[in-house]
Amino acid sequence: MNKKIKKVGVIGAGVMGATIAAQLANVGLETILLDIVLPQLSDEDKKKGLTPESKEFRNKLAANGVQGALKSRPASFYLPENARLITIGNMEDDLNRLKEVQWIIEVVVERLDIKKIVFEKLETVMTPGTLITSNTSGIPAKAMLEGRSENFRKHFAITHFFNPPRYMKLLELVPGPDTLPEVVDTLVEVCEKIVGKGIVYAKDTPNFVANRIGIYSMLCVVRTMMDLGLTIEAVDELTGPVVGNPKSASFRTVDLVGLDTIIHVANNVYEGAKNDEKRDMFQMPEFIKQMVEKKLLGQKTKQGFYKRVEENGKKITLSIDYKTLEYKPQQKVKFASLEAAKSIPGTAGKMKALYFADDLAGQFTFRTMSDVLLYSAMRIPEIADDIVNVDNAMKWGFARKMGPFEAWDAIGVEASVAKMKKAGLEIPGWVQEMLARGNTSFYKREAGALFFYDIPSKGYKPVPVKPGVILLPSLKDRQKLIAGNKGASLVDIGDGVACLEFHSKMNALGDDIINMVLKSADIVSKDFVGMVIANHGENFSVGANLALVLFTAQEEEWDDLEWAIKTFQDSFMKLK
Ligand SMILES: NC(=O)c1ccc[n+]([C@@H]2O[C@H](COP(=O)([O-])OP(=O)(O)OC[C@H]3O[C@@H](n4cnc5c(N)ncnc54)[C@H](O)[C@@H]3O)[C@@H](O)[C@H]2O)c1
């Protein structure tokens, strides 16, 4: 097929539809954004003199969608003028315009009956060969395709963008039962190379990969918290950056997403995955049901697991006591193992220390992590074919530093499995077999390449690397390092080009980096045609090493400081 996608139709201009259209416009794709015509004029419309025939009234929802995306924070558009690539319209007057597009994305409300009606309408105008995808969060493709033609079924897939689409790298791609392989190839090409997403190949199962494991993980955290009598704030400390998760950790994330949405997603699994051995976990604990009844849903109702209040003229954040549903001042979180873990460098070391600790924090980490690792292992090949897709889904969809199998390697597979067995946990057969064959990790690095344990072949396979993607650590393993010190390296990336990579703490610019900038400029001007400065760090660079500047200032070493600033400037001028 290798269809060129130039114009896209987006159906539904709500939270996701409008921001998906914005991302398509950001990457230069023209978009037609359609929503329904509202049933009647509002008082405001009447005051403006609009009639049921007025375009302004008929396109109101699509227009509101674009306006919402323009105002959204963080910004949905790279530049506000990108909105010019979006043409708005409605499902009654503009359906025929979809003949101009090569790809239609359905992003209407999460209701099977409505999605089916929309697909029936779309089928009347789609030109043969147009790709059609749904952004559903969990409705099975099989159900949405009932009554559709062979042509429609062959060109249909689910493309599940994460919110907000500009920022979340994950896109779960779920082919339907009859999707043509070339349709999948075209979607991969456009979503990866043009739209800039990371593709996870998922199966047509409830909630696909990231939300299936993500929601299970959330429920494990809740139940273990209740068993061990921990507070909301203690759990957020234990499930945040210390174990490689974002600062919003567990409960701040739920407050952002909304407890009602979490329940909806959990219900999807409970209803749709009848053979899941952990199905009962997806039923909500009683206190959560009561929180929903009391509308303690999170940010959207201004109170959830946390609540901001004003006390003596100062804003403070209270946390909920799940035994009484009353809000209380947060308690100081103090565990010896947590304090010790925080001082260990790197996420892997912190995670391992907490997992094997004996205090309450250790017990919590052991129980929640073990549960999620075992659950993830049990879900292959049901939700995805391999561990790489599961790990990518959890990293790209939830901004975690490591996916479950990478985390399992970090804590040590043999030692953790021994601890799990001692605690009476059942280890999935394929993991036991992997260990019995002497394979002690899910990933391994050999000759500069990364390999993953492939369950069907019971051996390791290379982790696919996209053509055109350069991974600096693997080049360094392959003796491509030209020069380097503790803060930076110069790596030969081929075609006569070298890459200067920073790798100091947070890539702060200090002596080491400055020396390497000077050295690299000399080397590259002699032996290379060009140089790029890039790295895999979380921050490209946080800027100058201010601790060093402060220290020099405190010592009143003004000459040293002046000399350092001059060297800094000279080194970067040398790159010109
Ligand atoms: N909100 C999220 O975080 C999120 C994340 C990933 C996927 N999704 C999925 O994306 C889809 C849309 O979710 P949302 O959050 O944007 O919902 P939303 O309620 O914000 O928007 C839905 C839009 O669909 C429109 N609509 C309803 N019926 C229609 C029809 N017949 N024709 C055209 N438009 C119609 C509505 O007017 C509304 O503007 C759902 O399938 C949802 O599960 C949502």
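Predicted model: local features only at pLDDT ≥ 70, side-chain atom pairs only at ≥ 80, totals over all residues.
With a relative accessibility of 27%, Phe-568 comes out as partly exposed.

**Around α24**
- Phe-568 sits 50 Å from Leu-259, C-alpha to C-alpha, and the two are 309 residues apart in sequence.
- There's a surface patch of negative charge made up of Glu-555, Glu-556, Glu-557, Asp-559, Asp-560 and Glu-562.
- One of those, Glu-555, falls in the loop that links α23 (546–554) to α24 (558–574).
- Glu-555 has a relative accessible area of 46%, so this residue is classed as partly exposed.

**Cis prolines**
- Arg-73 and Pro-74 are linked by a cis peptide bond, with omega about 0°; Pro-74 is in the loop between α4 (60–71) and β3 (86–90).

**Positive phi without glycine**
- Asn-207 isn't a glycine, yet its phi is positive at about 65°. You'll find Asn-207 between β8 (198–201) and α9 (210–228), in the loop, and its 0% relative accessibility makes it buried.
- Ala-399 is another non-glycine with a positive phi, about 50°. The loop between α17 (387–398) and α18 (404–411) holds Ala-399, which is partly exposed at 44% relative accessible area.

**Cysteines**
- The disulfide count is zero, going by a cut-off of 2.5 Å between cysteine sulfur atoms.
- Cys-191 is buried at 0% relative accessibility, and Cys-499 is buried at 2%.

How values were computed. Residues numbered from 1 in each chain as written. Heavy atoms only, no water. Patch = residues over 30% accessible without salt bridge, like charges linked within 9 Å, V, L, I, M, F, W, Y side chains within 5 Å. Areas by Shrake-Rupley, 256 points an atom, 1.4 Å probe, with all protein chains shown as cover. Salt bridge = Lys/Arg side-chain N within 4 Å of Asp/Glu carboxyl O. Lys, Arg positive; Asp, Glu negative; His and termini not counted. Charge placed at Lys NZ, Arg CZ, Asp CG, Glu CD. Helix = DSSP H or I, 4+ residues; strand = E, 2+ residues; numbered from the N terminus. Buried < 20%, exposed > 50% of the residue type's maximum accessible area, 1.4 Å probe, protein only.
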